[in-house]
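The exercises below ask you to read a protein structure step by step. Please work through each task before turning to its solution.

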Amino acid sequence: MLKKIIDWLDERLHLDGLLEPFRHKTVPTHKLSCWYFFGGITLFLFLIQLLTGILLLLYYKPGANEAFESVQYIVTRVQFGWLIRSIHSWSANLMVFTAVAHMFSVLFLKAYRKPRELTWITGMLLLFLVMGFGFSGYLLPWNQLAFFATTVGTQMAGQVPLIGQPILIFLRGGPEVTGATLTRFFGFHVAVLPGLVFVLIAIHLFFVQRQGMSVPPKVEKEWEQNPSLRREMKFFPNFALREMMAWYVAIGALGVLAALFPWDLGVKADPFGAAAAGIKPEWYFLFMYQTLKFIPAHIGFIDGEVLGIMGCGVVALLWMLLPFFDRERAGGKKSWMTGIGIFALVYVIVFTVYGYVAK
Amino acid sequence: MCSENVVNPEPVRRGLIGLFLGGGLLATFASFIYPVLRYFVPPQVADLGVDEVVAAKVGDLKPNASAIFRFGSKPGLLILDADGETYHAVSASCTHLGCTVQYKGDAKEIWCPCHNGVYNMNGANVSGPPPRPLQKFNVHVRGDQIFVSRNTEA
Amino acid sequence: MLRNNLRRVRRTAIGGIVLLAACLSFGQAPNTCLDCHSALPEPQGVTQEKFAQDIHAQKGLTCASCHGGDPTSMDMTVAMSKAKGWKGHIDKKQVPALCGSCHSDPNFMKQYNPGLRTDQLSQYHTSMHGKQLAAGNSKVAVCTDCHSVHDIKPPSDQHSTVYPLNVAKTCSKCHADANYMKPFGIATNQYANYTTSVHYDALTKGGDLSAPTCVTCHGNHGATPPGVDKVQNVCATCHVFQAQMYGKSTHFKAFQDKNLPGCVVCHSNHAIHPPTDAMLDTGKQGVCMSCHKPGDKCDVARVNILSSLTKLDQTITSANQILHLAESSGMEVSAALGAQDQARDALTKARVTIHTYQPSLVAAEVQNGMKIANANFKAGQDAMVERNHRRIGLGICLIAIAFALFGLWLLIKKIEA
């Protein structure tokens with residue numbers, strides 16, 4: 001029966017040709033192969049976000065008077081609403097984590113080098129979009145923490161010289177964080193960002209598909225010296241089945257987190273209320289937040305905070321253009337890129353932990 | 001998964017794979033789809049929103065009497081004038097220390113028993129400790145239901 | 001002769017300075033008093049800055065309005081001459097009458113502040129301060145002792161000595177000074193006691209400007225002790241229910257017969273602490289057993305009331321515990337947590353009902369509260385049951401996932417075999 005349907009479709013659409021590349025796609029097998037999984041897991045978590053996000057849309061109402069209550073309604077009255085909402089929140093956080101892990105694995109395995117510069121750039125853009133999802137989605141329950149995190153976050157964007165103030169007005173939909181901001185963020189979160197992400201994911205995956213999997217230079221060298229060591233695995237079904245196992249593990253972990261630690265709803269935002277002590281951004285913004293706190297108020301004539309924010313922007317831009325700085329070196333000299341990668345990783349970890357612990 | 005240890009190829013029975021894989025896939029699919037299907041079922045308690053609640057039905061209140069209703073998580077006070085037609089609705093949380101206020105029909109005033117705070121029918125604080133007026137709500141009668149709503153903020 | 005000459009020289013010199021000052025401040029209504037007095041030491045010294053803060057100065061009154069004389073004259077002998085109505089230092093005994101000459105005149109006061117009362121002086125005459133002053137004791141407070149002199153601010157100004165937050169401090173200037181109060185033979189611990197009271201906390205820490213301070217119970221211009229039979233009337237201005245219940249209770253008559261000061265018997269006067277259930281107990285804070293005998297009818301009622309209150313209190317506490325436990329394990333119980341307020345309200349009401357001294361009435365209120373508290377407790381239990389359901393569901397799902405994983409692993413092994 002199934003075969004008949006497939007044949008019928010194949011006759012008309014030539015699915016064979018479409019699926020052909022996947023038949024021949026292989027994945028190099030070596031001791032670092034496990035890092036190939038993170039991109040796939042991130043994609044899977046994104047699909048979960050898509051599904052749970054659509055489900056949440058059935059009951060969520062954007063608006064300063066209704067947002068908090070509608071989320072409360074979802075987690076209290078709607079059957080399994082707590083589960084859907086918790087999975088959406090947890091999956092969002094895990095997705096940021098796996099995306100960052102994917103980024104660092106690509107960095108350390110040097111998979112960004114020629115000819116994969118554009119893959120790296122689209123990946124970085126995707127990471128920024130994921131953070132944009134996190135930032136905009138965080139406000140949607142309209143609770144106290146989100147309200148102040150958004151106030152502070154958009155305030156920082158407003159510090160950029162010249163274009164800062166227009167950006168702030170654009171983000172907030174006015175000079176202050178109000179219901180208008182919520183409406184905007186809702187629009188970004190469910191329409192603008194998903195649209196951009198779909199396009200970028202398509203491009204990103206197309207690049208990966210065209211270029212095949214990168215083999216780390218070290219492994220490549222070993223293989224060149226001893227071709228008998230070269231191992232490959234068919235993408236389908238061998239790697240796909242393993243990826244599926246990883247996805248199952250991910251969804252199991254999500255279930256455990258959502259059921260044992262349902263995401264807190266907090267208290268409704270009160271724009272006139274005092275900011276609670278120790279308001280902090282989401283953990284994935286913590287290292288930046290903590291860095292900005294370290295910068296003195298004034299450096300020469302320039303405002304410290306402005307400098308910090310500009311610095312963050314410059315670093316992000318340089319990081320995105322990283323592949324173009326890693327030129328092949330003669331004589332097998334050690335690239336300084338690994339050093340930078342380790343420094344960045346240690347810096348992010350230390351400042352995140354510090355930001356978490358610091359008052 | 002990081003280090004692929006080579007397991008000596010061992011003939012695995014088809015049935016065993018089918019049992020675990022088929023059973024596992026089916027069971028997980030069921031356990032994923034079940035909450036989602038239940039999620040689609042609209043809850044019995046209709047979500048009226050918190051900008052508007054049905055405070056009472058016409059006829060529930062006698063003229064010159066009042067009733068407490070729930071507005072979100074806070075109590076509200078609905079008063080029917082002596083003329084039997086005009087309704088007033090205000091927040092029932094005293095602005096002094098948050099006690100629930102009550103309507104005194106004989107004096108036509110709203111009174112907080114905790115420290116003798118007095119408000120007029122419009123919720124304005126008249127005497128006693130209350131520092132601010134009570135929040136005033138809008139009342140609309142539609143059919144036989146009395147809707148109380150608050151002004152929406154921006 | 002020589003002295004006269006000297007005086008003339010000095011007068012001309014001062015006149016010259018005054019003339020200079022007058023020229024510098026050309027265009028303003030001349031008030032020559034401050035030209036000299038701003039340089040004088042206390043108590044004659046009054047600077048322009050100080051007097052400018054005075055509500056009277058702001059309304060256009062000058063030194064001469066109270067002290068007489070002619071502030072436009074630059075000649076000191078003219079300005080401060082009896083002929084111009086100069087009064088000089090106002091004797092303390094004359095102060096109330098002087099202030100009253102305007103403040104008791106409704107027609108005069110109307111033009112400045114039509115809402116201001118004009119009975120302060122007549123009230124003052126009824127006060128202990130006023131009576132003592134009339135009897136010739138000049139140690140008592142007159143207008144200026146409380147309202148300050150030369151920088152009198154309206155009571156709504158938070159720097160005023162009679163702003164609600166400052167009243168107690170102002171009274172304590174005399175009433176907490178043991179030396180000063182010695183001739184009167186009254187206690188001086190009122191301020192110290194008051195600062196430990198629930199009213200003081202509400203006023204200063206709670207920022208509740210309507211919370212009682214000295215004048216709320218004793219009156220301000222007619223300041224006088226409330227008197228034994230009037231105490232519950234004073235307290236009743238805010239504590240309506242308690243007073244009503246007490247007024248109908250057996251204690252009311254009993255205390256009146258024994259000339260005991262009502263509310264104060266149990267709650268004390270200045271050091272009124274937040275009431276606790278322990279006041280009903282036999283311990284250190286207990287108040288009942290200082291009059292009642294163990295085992296009598298009232299003691300039985302006391303035990304009855306105490307136990308029912310304790311029961312409700314404990315039920316609310318345990319409901320709180322289970323609700324917070326449920327909340328911390330991620331359950332949404334905000335509705336029940338909100339309803340806890342109602343249970344606490346019922347407990348407060350039951351505690352108020354103690355003033356009837358009838359166990360049955362207290363029990364009725366306790367019943368109300370118990371209903372709500374039990375429902376909340378049940379909501380907490382239900383939430384915990386639901387939490388366990390979630391965990392069982394999770395367990396089942398995890399087993400299914402483990403099955404699928406194992407199946408996938410077998411499949412991979414088979415394919416790669």
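This is a predicted model: local features need pLDDT of at least 70, side-chain atom pairs count only at pLDDT 80 or more; totals for chains, interfaces and linings use all residues.

Residues are numbered from 1 along each chain as its sequence is written, chains are lettered from A and ligands numbered from 1 in the order in which they are written, and side-chain values use heavy atoms, with hydrogens and water left out.

**Exercise 1. Chain A as a whole**

Task: Describe the secondary structure and the overall form of chain A.

Solution. 

Step 1. Chain A contains 14 helices and 4 strands. Both are DSSP runs numbered from the N terminus: helices (H or I) have at least four residues, and strands (E) at least two.

Step 2. The radius of gyration of chain A is 23 Å, close to the 21 Å that the globule rule gives for 359 residues, so the chain is as compact as a globular protein of that length. This radius is taken over C-alpha atoms, and the globule rule is 2.2 Å times the number of residues to the power 0.38.

Step 3. Along the principal axes, the C-alpha atoms of chain A fill a box of roughly 70 × 65 × 35 Å.

Step 4. Of the 359 residues of chain A, 46% count as buried. Buried means under 20% relative accessible area, exposed means over 50%, and partly exposed lies in between (1.4 Å probe, protein chains only).

Step 5. Among the contacts in chain A with a separation of 6 or more, 76% are between residues 24 or more positions apart. A contact means heavy atoms within 4.5 Å.

**Exercise 2. The interface of chain C and chain A**

Task: State how many residues are in contact across this interface, and characterise the side that belongs to chain C.

Solution. 

Step 1. On chain C, 18 residues are in contact with 20 residues of chain A.

Step 2. The two chains bury about 1700 Å² between them, and 74% of this area is on carbon and sulfur atoms. Buried area is the accessible area (1.4 Å probe) that two parts lose on being put together, summed over both.

Step 3. In chain C, the residues that lose the most area to chain A are C:Glu332, C:Arg390 and C:Leu408, together 31% of what that side buries.

Step 4. The rule finds 1 salt bridge across the interface. A salt bridge is a side-chain nitrogen of Lys or Arg within 4 Å of a carboxyl oxygen of Asp or Glu. The side chains of C:Glu416 and A:Arg242 form such a bridge, at 2.7 Å from N to O.

Step 5. Helix H23 (residues 359-416) of chain C supplies the largest share of the side that touches chain A, namely 14 residues.

Step 6. By class, this side of chain C has 10 nonpolar, 3 polar and 5 charged residues. Here Ala, Val, Leu, Ile, Met, Phe, Trp, Tyr, Cys and Pro count as nonpolar, Asp, Glu, Lys and Arg as charged, and the others, Gly among them, as polar.

**Exercise 3. The surroundings of A:Thr181**

Task: Locate A:Thr181 in the secondary structure and list what its side chain reaches.

Solution. 

Step 1. A:Thr181 lies in helix H9 (residues 179-211) of chain A. Its relative accessible area is 0%, so A:Thr181 counts as buried.

Step 2. The side chain of A:Thr181 reaches the backbone oxygen of A:Arg172 at 2.7 Å. A polar atom of this side chain also lies 2.9 Å from the backbone nitrogen of A:Thr178.

Step 3. Leaving aside neighbours within four places in sequence, A:Thr181 is in contact with A:Leu139, A:Thr150, A:Leu171, A:Arg172 and A:Glu176.

Key: A polar contact is a pair of N or O atoms within 3.5 Å; within protein, one must be able to donate a hydrogen and the other to accept it, and residues adjacent in sequence count only if both atoms are side-chain atoms.
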